Amino acid sequence: MASREELSGFLAAVERRAFKQAVFALRDDESALDAVQDAMMKLAEKYADRPAEEFPMLFQRILQNVIRDMFRRRKVRSTWTTLLSSFTGADEDDDYDPLDNMVIDEPSELGRTPEQNLEQSEVMALIEREISRLPARQREAFLMRYWEELDIAETAAVMGCSEGSVKTHCSRATHALAAALKLRGIKL
């Protein structure tokens with residue numbers, strides 16, 4: 001059984017990565033914050049008595065379910081909004097993309113020059129943009145494997161698919177990202 005400190009430490013450690021993961025999936029900062037908060041609350045309310053080793057996989061599963069629920073709600077809301085907007089005739093501008101306004105992590109204290117920090121920020125923004133363009137399942141597998149560092153079995157359990165599917169999604173995602181970055185002259 002995990003202690004309160006272990007649970008707090010886990011949530012503090014996973015917060016930023018979970019937010020980025022949710023932003024990639026939902027493409028909206030506020031919705032992403034809501035998703036992460038919901039996932040954290042559910043983990044704390046329902047699974048705080050579990051061993052700390054189970055938190056990463058449980059949290060990923062909860063976060064993915066919260067994101068899927070948000071997609072379902074959006075779909076229903078979109079259906080009703082579309083139906084109702086045909087009665088009003090009002091146009092709304094939905095071109096706003098929160099990823100364009102996302103603040104990149106602050107420069108590290110590794111002694112880089114401002115130009116190097118700028119270059120790294122631009123590369124990171126480009127990588128994030130390319131990740132957001134991946135198909136949903138590839139992006140989900142890629143983020144869990146390489147950002148959350150879940151192993152293949154854990155990723156498969158969270159995604160509800162086979163380990164072979166996880167490998168396929170990850171392989172396609174890395175090839176797609178490498179090709180996209182190569183087109184822009186970036187070699188990692």
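Q: Why does Leu26 count as buried?
A: Buried means under 20% relative accessible area, with exposed over 50% and partly exposed in between, using a 1.4 Å probe and protein chains only. Leu26 has 2% relative accessibility, so Leu26 counts as buried. Keep in mind that this is a predicted model, where local features need pLDDT of at least 70, side-chain atom pairs count only at pLDDT 80 or more, and totals for chains, interfaces and linings use all residues. Residues are numbered from 1 along each chain as its sequence is written, and side-chain values use heavy atoms, with hydrogens and water left out.

Q: What does Leu26 touch, not counting residues up to four places away in sequence?
A: Contact means heavy atoms within 4.5 Å. By that rule Leu26 touches Ser31, Ala32, Ala35, Ile67, Met70, Phe71 and Arg74. Take Met70: Leu26 and Met70 are 44 residues apart in sequence, and their C-alpha atoms are 8.2 Å apart in space.

Q: Which helix holds Leu26?
A: Leu26 lies in helix H1, residues 4–26. Helices (H or I, at least four residues) and strands (E, at least two) are DSSP runs, numbered from the N terminus. Counted this way, the chain has seven helices and zero strands.

Q: Why are H5 and H7 called roughly perpendicular?
A: Angles under 35 degrees count as roughly parallel, over 145 as roughly antiparallel, 65 to 115 as roughly perpendicular and the rest as oblique. Axes are lines fitted to C-alpha atoms, for helices over the stretch in contact, and angles run from 0 to 180 degrees between N-to-C directions. The axes of H5 (residues 136–147) and H7 cross at roughly 95° and come within 8 Å. H5 and H7 are therefore roughly perpendicular to each other.

Q: How do the residues of the contact of H5 with H7 divide into nonpolar, polar and charged?
A: Ala, Val, Leu, Ile, Met, Phe, Trp, Tyr, Cys and Pro count as nonpolar, Asp, Glu, Lys and Arg as charged, and the others, Gly among them, as polar. The contact of H5 with H7 has seven nonpolar, three polar and three charged residues.

Q: What makes H4 oblique to H7?
A: Helix H4 (residues 114–133) and helix H7 (residues 163–183) pack at about 135°, with their axes 10 Å apart. That angle makes H4 oblique to H7. On the H4 side, the contact is made by Leu126, Ile127, Glu130 and Ile131, and on the H7 side by Leu177, Ala180 and Leu181. These residues divide into six nonpolar, no polar and one charged.
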